[in-house]
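Please keep the structure in view while reading.

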Amino acid sequence: MAKKGLLVVISGFSGAGKGTLMKELINKYDNYALSVSATTRQPREGEVDGREYFFKTVDEFENMIKNEQLIEYAKYVNNYYGTPRAYVDSQLEAGKDVILEIEIQGAMNIKKMYEDAVLIFILPPSAEELKRRLVGRNTETIDVINARMSRANEEAVGIENYDYVVVNDILDESVEELHRTISSAHNRVVNNINLISNIRDELNNISNKNC
Ligand code: 5GP
């Protein structure tokens, strides 16, 4: 039986460049599956339904909550965002490392539900650079940018709850660092409970035979 994949939660301030980092990671390595979230926010220019997000009305989203079709959801700057359950479960079973690119409340919920999930926070090189990237993206009004900066301020307090941080500075290097971080997380004790328990059983069997 294939080993189950790892649930990988990636968070970072809006504008930290997580999206680009994820795309590169997935293009370069084929052991990852990126979960596509549902949201009630409006599509940005160039975004395609089913690719960046599944764009939903508030009613549709609330129905998904009611029918337990989401493994977690949160409200972020006045919109709902949530992770559809079916894709995550099937990809984990198939042995893929499933990446959820979600904000901090959702990340904390995942941590409570899946103790073997690995939580990684992507940092920008500096706060100044973060603001510059948000403004340069040119997709949001100044009010939304300010709301996102103030949300970043709140989220910064929660970074200690993550397992790792990766600074997103030079793209290629950050992709490699992220891949190395996830690869080494496979070796955490919490991700090898079955292996450990099998070896214990074998050891017991052998020592019982020797008695
Ligand atoms: P954006 O509107 O910039 O695409 O995303 C806003 C925030 O929502 C980002 O921090 C992103 O990581 C987060 N987000 C995206 N999908 C989900 C999700 O399924 N669940 C949660 N909790 N947050 C999400």
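The model is predicted. A place to begin is I199, which lies in helix 8, spanning residues 193-209. I199 has a relative accessible area of 45%, so it is partly exposed. Together with L195 and L203, I199 forms a nonpolar patch on the surface, and the accessible area of these residues together is about 300 Å².

The surface also carries a patch of negative charge, where E24, D169, D172, E173 and E177 gather. Helix 7 (residues 171-185) provides the largest share of this negative patch, with three residues. E24, in contrast, is found in helix 1, residues 18-28. The relative accessibility of E24 is 31%, and E24 therefore counts as partly exposed.

Next come the salt bridges, of which a search of the whole structure finds twelve. One of them joins E176 and K28, whose closest N and O atoms are 2.5 Å apart. This pair links distant parts of the chain, since E176 is in helix 7 and K28 in helix 1, 148 residues apart. E176 is partly exposed, at a relative accessible area of 22%.

Another salt bridge is found between E129 and R133, with 2.9 Å between the closest N and O atoms. Both residues lie in helix 5 (residues 127-137), four residues apart, or about one turn of the helix. Is E129 buried or exposed? With a relative accessible area of 18%, E129 falls under the 20% limit, so E129 is buried. R133, at 22% relative accessibility, counts as partly exposed.

Finally, a network of salt bridges links R41, R44, E47, R137 and E140.

Key: Residues numbered from 1 in each chain as written. Predicted model: local features only at pLDDT ≥ 70, side-chain atom pairs only at ≥ 80, totals over all residues. Heavy atoms only, no water. Patch = residues over 30% accessible without salt bridge, like charges linked within 9 Å, V, L, I, M, F, W, Y side chains within 5 Å. Areas by Shrake-Rupley, 256 points an atom, 1.4 Å probe, with all protein chains shown as cover. Salt bridge = Lys/Arg side-chain N within 4 Å of Asp/Glu carboxyl O. Helix = DSSP H or I, 4+ residues; strand = E, 2+ residues; numbered from the N terminus. Buried < 20%, exposed > 50% of the residue type's maximum accessible area, 1.4 Å probe, protein only. Lys, Arg positive; Asp, Glu negative; His and termini not counted. Charge placed at Lys NZ, Arg CZ, Asp CG, Glu CD.
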